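Please open the model in a viewer and keep the sequence beside it.

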Amino acid sequence: MNRIAIPDADQAPAASRPLLDAVKKQLGVVPNLMKVLGHSPSALGGYLNLNGALAKSAIGAKTGERIALAIAEINGCRYCLSAHSYLGRNSAGLNDAEIAANRNGTSIDTKASAAVRFAVKVAQARGHVSDADVQAVKSAGYGDAEVMEIVAHVALNTLTNYVNEVAQTGIDFPVAGELRAA
């Protein structure tokens, strides 16, 4: 059950409505996450701006989804795990084996694995990673800009995980399998 109401489009604050309309135009639907964030035009706008910027990042959509899956698993967010399992398959072209690897903090792809492993370390260490951690991701072929994009993906996904857990947002994607034991 939702702790924070999921408003209909006409119940959202006036400043959120154009943002929600743009989401609907782009996706065909407005996911519950966006509706919940829409309670605050500032929160919704901030999320959409960062999400839009990261959609153009050098690490690419596939690795962004890989990171999202790993972070959802770490933070225990069933909503985001379900959303990114769906988006990973249907938008980024990830297969079931890749999604399973991502949920376990790695990837079948060698370079992407370094990014996902680094993202997991950033999340688990709350940013306090070692020089060796940074060097490992750089040695896999990621430059300074891409390292910052990985960190930004961790932050964006942590935001949505926390929003959904606080709100207990109803899952409006096909429900993913159980979270692995912490």
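Select C80 first. C80 is buried, with a relative accessible area of 2%; buried means under 20% relative accessible area, exposed over 50%, and partly exposed in between, with a 1.4 Å probe and protein chains only. This is a predicted model, in which local features need pLDDT of at least 70, side-chain atom pairs count only at pLDDT 80 or more, and totals for chains, interfaces and linings use all residues. Residues are numbered from 1 along each chain as its sequence is written, and side-chain values use heavy atoms, with hydrogens and water left out.

A disulfide is a covalent bond between the sulfur atoms of two cysteines. Here the term is applied to a pair of cysteine sulfur atoms within 2.5 Å, and the count by this rule is 0 disulfides.

Now select residues 78–90, which form helix α5. Helices (H or I, at least four residues) and strands (E, at least two) are DSSP runs, numbered from the N terminus. The expected span of a helix is 1.5 Å times one less than its number of residues. For the 13 residues of α5 this gives 18 Å, in agreement with its end C-alpha atoms, which are 18 Å apart.

Within α5, colour the buried residues: Y79, C80, L81, S82, A83, H84, S85 and G88. They pack against α2 (32–37), α4 (60–75), α6 (96–103) and α9 (144–167).

Is R103 buried or exposed? R103 is buried, with a relative accessible area of 15%. Leaving aside residues up to four places away in sequence, R103 touches L69, E73, L81, G177, E178, L179 and R180, where contact means heavy atoms within 4.5 Å.

Finally, select L27, Y47, N51, E65 and L87. Of the 35 residues that line the largest pocket, these lie nearest its centre. On a 1 Å grid over the protein atoms alone, a pocket is an open set of points where a 1.4 Å probe fits, with protein on both sides within 12 Å along at least five of seven lines; lining residues have an atom within 4 Å of a point. Which helix gives the most to the lining of the largest pocket? That helix is α5, with 6 residues.
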